[in-house]
Amino acid sequence: MSERTEFGPGRPVVLRGGTVLPMDDRRQVLTHTDVLIVDDRIAAVGPDLPVPEGTVVIDATDGIVMPGMIDTHRHMWQTAMRGYGADWTLTQYFVWYYLEHGKLFRPEDVYAGNLLAAIEAVDSGVTTVVDWSHGLQTVDHADAAADALQSVPGRFVLAYGNIQQPPAEWTGTPEFRDFISRRITGDDMFGFQIAFDVTGDPAFPEKAAFEVARELGVAVTTHAGVWGATGDDGIRLMHDHGFMTPETVYVHAASLSADSYHRIAATGGSISVSTESEQSAGQGYPPTWAIRAHDIPVSLSMDTSVWWSGDLFSAMRTTLGADRSREHMQAHAKGDTVTHGSLRAEQVVDWATRGGARALGRDHELGSIEAGKKADVVLIKNEHSPVSFPLLNPFGHVAFQAQRGDVHTVVVNGRVVKHEHRLVDVDLAAARRRIEQTVDHLRSTMGEEAWQKGMNPDIPETTILDNPYTYTDYHSSSTHSQ
C-alpha cells in the first residue's frame, strides 16, 4: 500500500510534457503536451498550460498519456483462481464452474475475487471494467460483489448474472428487484447491466429476462457466437422479438454467420472481443476480420484470469496477432502475399479505450482525452526499462511494447490511484489474505485429489506420424569418406 498525501481531494493535477494520445475524432498525436485535471474533469489539453496554485505536477516527459482503458467483459469473481485453468478447454471450464465446483463459492469468495480483480485492473491502467458477474447464486453473493467493487477507486459496471439458474427465474425474483432498488442508485462510478446467454431454444425461455431488462431500462450483455453453446438461433430469436438494441453487447461473437453479423450491425449493437480467450478456449476464431467487414463497433475484454492475463496490453497485441495471422494464412492459401496489413495498431488502441466507452454508451464523457470529459487518464512511463525508448510510433508502442509494469500513473475520476508504479491507498495485503482464505476453502472442500485433477486435466495422446525417411549418421559418413 502506498499513501500519497499530496493527492488530496479537490487538488488539481497536471501531467506535464508527455506524448498525448487523445483518441479523439482527429486521431491526433500531441507531443510535449500537458493534461490539466481539475476535480473530476479534464480542464485543458495543450503545451505549457497555466495551472491553478497548488496543482500537483507529474512529469510525463518521455511518456505516453492516454485515456484509461475499458474492459467490457471480465468474470472478476474468478480471479481468486488465477491461473488454475491454464490448460483447460471451454468444456472443462463449463464443467468446473457450471456443473461442479462453481457452486462452492460463498459470498465472501465472490468478494475476494472481485476485490483482487478490481485492484489489478486499476494497477494495469484499466479504469473501467464490466464485471460479467455470473457467479451471483444469491443476492448475498451480489451484495458481496458490489461491496468489493465499490471499495476500490475504479469505475465498474456490475453485469448481474447467475449461471446456476435460468435467467427468467432469477430476474423475476423479489430479491433481485430489492437488490436493484438498494444498490443501483445512479452512481457515476458504479453502473449496472444484466448478463445472461441465449441458448437458441425455439421456446425462447430468455424472453422474460429481456422484458425485465427493458422494463428497468438497462443493457443486456450476452455471450453470443460461442461454438456449441450460443449461435445464430439465439441472435435470430433476439432480433425477431425486438430485443437487439444499440445498448446490447455481444461477447465473443466468434462463430456466427454473416446473417447474424448483419442483424447486429443493423440494430446498432457492439461486440466485445476477448482474443486471448477465443484463440485458446474454443469459442471460434477471434472475429475482428468479420466485425470490420460488417462495420460493427468493437471493444476489448480479458474474460477471466482463471486462464489469461488481466490487462488490455495483452488484449491489444493478441488481437493484432490473430487478425494478421488469419489475413496472411488466407492469402497464402490462394498463393498470394499480404503487402499491406488491414488492422493497424491505432485501431486496437481505440478499441481498448474509446471502443469500450461506445459500448457502454459513455463515449460523450469517457474514452478520450478532451477538455470537459471525465478525468480517467493513464501515464505510461518507465525510466528503469530499456523498452521505454525510443518512442517513435506511440500507437505501436502501446500495442506491442508497453506492459502493465510500465503504467506509471493512473487517474480515475480525477483521483490519482497509482503513481510512480505504486498503488495509492490500496490495501493489497488485505486482498491477499481474503484470497488465501478462498483458496483454502475451495481446496479443503473439494479435496486434494479433485483440486489437483481440476488443475491438471488429462493430456490427449499424441499421434506420431510415420516418417518415410531413414536417418543417416552424417558425422560417421563424413569420417569414412576421408
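**Entry 1: strands β11 and β12**

I looked up how strand β11 (residues 249–252) meets β12, and found 3 bridges joining the two, which run parallel. In this notebook a helix is a DSSP run of H or I with at least four residues, a strand is a run of E with at least two, and both are numbered from the N terminus. Two strands pair if DSSP finds at least two bridges between them. I then picked out Val251, which stands opposite Ser272 in β12.

The model is predicted, so I kept to its limits: local features need pLDDT of at least 70, side-chain atom pairs count only at pLDDT 80 or more, and totals for chains, interfaces and linings use all residues. Residues are numbered from 1 along each chain as its sequence is written, and side-chain values use heavy atoms, with hydrogens and water left out.

Next I checked the side chains of β12 (residues 270–273). Ser270 and Ser272 point one way, Ile271 and Val273 point the other way, and all are buried. Buried means under 20% relative accessible area, exposed means over 50%, and partly exposed lies in between (1.4 Å probe, protein chains only). In a regular strand the side chains alternate between the two faces of the sheet.

**Entry 2: the sheet**

8 strands form an open sheet, in the order β6-β7-β8-β9-β10-β11-β12-β13, with parallel pairing. Why does one side of β6 and of β13 lack a neighbour in the sheet? β6 (69–74) and β13 (298–300) stand at the edges, and each has a single partner strand, so one side of each is left without a neighbour. From one strand to the next, the twist averages 25°. For angles, axes are lines fitted to C-alpha atoms (for helices, over the stretch in contact), and values run from 0 to 180 degrees between N-to-C directions.

Asp71 stands opposite Val129 in β7. Helix α2 (residues 107–123) packs on the sheet and touches β6, β7 and β8. The direction of α2 makes about 150° with that of β7. Contact means heavy atoms within 4.5 Å.

**Entry 3: the largest pocket**

A pocket is an open set of points on a 1 Å grid over the protein atoms alone, where a 1.4 Å probe fits, with protein on both sides within 12 Å along at least five of seven lines; lining residues have an atom within 4 Å of a point. Volume is the space filled by probe spheres set on the points, which are joined across faces, edges and corners.

The largest pocket has a volume of about 500 Å³. Of its 30 lining residues, the closest to the centre are Tyr98, Ile163, Phe196, Asp197 and His223. α1 (90–100) and α4 (167–170) each supply at least two lining residues. The largest share, 4 residues, comes from α1.

I also looked up Leu99, which is in helix α1. Leu99 counts as exposed, at 58% relative accessibility. The C-alpha atoms of Leu99 and Ile163 are separated by 9.4 Å, and the two residues are 64 apart along the chain.

**Entry 4: His408**

Last, I found His408 in strand β15 (residues 407–412). Is His408 buried or exposed? His408 is buried, with a relative accessible area of 11%. Leaving aside neighbours within four places in sequence, His408 is in contact with Ile58, Leu379, Lys381, Lys418, His419, Glu420 and His421.
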